[in-house]
Amino acid sequence: MPLNSKPKLLLRRTRKRFNPKVFIDRTIETTAIVSLLLTGFSGVGAMGCWGLEIIDINANPNIIISGWEQQKNICLGAMLVSFSAFLGSSLVGASFSIQRDKF
């Protein structure tokens, strides 16, 4: 037996197959989490713009529409869209879950 020989272990990697059910479940879960985070951050942005809009209006009462009001409306729109995405992804995930359980 040569000095450099070591017992060789044969390691076989099992190849993971693409499972569409797992992919769909993870996609729905990721969409729900990201949309909730986006909803929270947009809400904080809308609150901040609302406060800056009040400060801007108190500083100059002659302004009819300030830039902060537009920013606030954009943040509120992003909140609405992302919360709708959360509700939609939750509904799709629940329907897949019910379908799998065969109620």
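## A buried glutamate

Glu-53 counts as buried, at 8% relative accessibility. The model is a predicted one. Glu-53 sits in helix α1, which covers residues 20–59.

Which residues does Glu-53 touch, once its neighbours within four places in sequence are left aside? Glu-53 is then in contact with Ser-66, Trp-68, Glu-69 and Lys-72. Helix α2 covers residues 67–101.

## Overall make-up

The protein has 2 helices and 0 strands. Of its 103 residues, 15% are buried, and Glu-53 is one of the residues that count as buried.

## The cysteines

How many disulfides does a search of the whole structure find? The search finds 0. Cys-49 is in no disulfide, and the cysteine sulfur nearest to its own, that of Cys-75, is 4.6 Å away.

Cys-49 is buried, with a relative accessible area of 9%. Cys-75 is likewise in no disulfide, and its nearest cysteine sulfur is that of Cys-49. Cys-75 is buried too, with a relative accessible area of 17%; the cut-off for buried is under 20%.

## The aromatic pairs

A pair of aromatic rings is described by the distance of the centres and the angle of the planes. Searching the whole structure gives 2 aromatic pairs. One of them joins Phe-18 and Phe-23, with 5.7 Å from centre to centre and 50° between the planes, a tilted arrangement. Is Phe-18 buried or exposed? Phe-18 is exposed, and its relative accessible area is 62%.

Phe-83 and Phe-86 also form a tilted pair, with 6.0 Å centre to centre and 35° between the planes. Where do Phe-83 and Phe-86 lie? Both are in helix α2, 3 residues apart, so about one helical turn separates them. Phe-83 counts as partly exposed, at 38% relative accessibility.

Technical notes: Residues numbered from 1 in each chain as written. Predicted model: local features only at pLDDT ≥ 70, side-chain atom pairs only at ≥ 80, totals over all residues. Heavy atoms only, no water. Phe/Tyr/Trp six-rings, centres within 6.5 Å; stacked < 30°, edge-to-face > 60°. Buried < 20%, exposed > 50% of the residue type's maximum accessible area, 1.4 Å probe, protein only. Helix = DSSP H or I, 4+ residues; strand = E, 2+ residues; numbered from the N terminus. Disulfide = S-S within 2.5 Å. Contact = heavy atoms within 4.5 Å.
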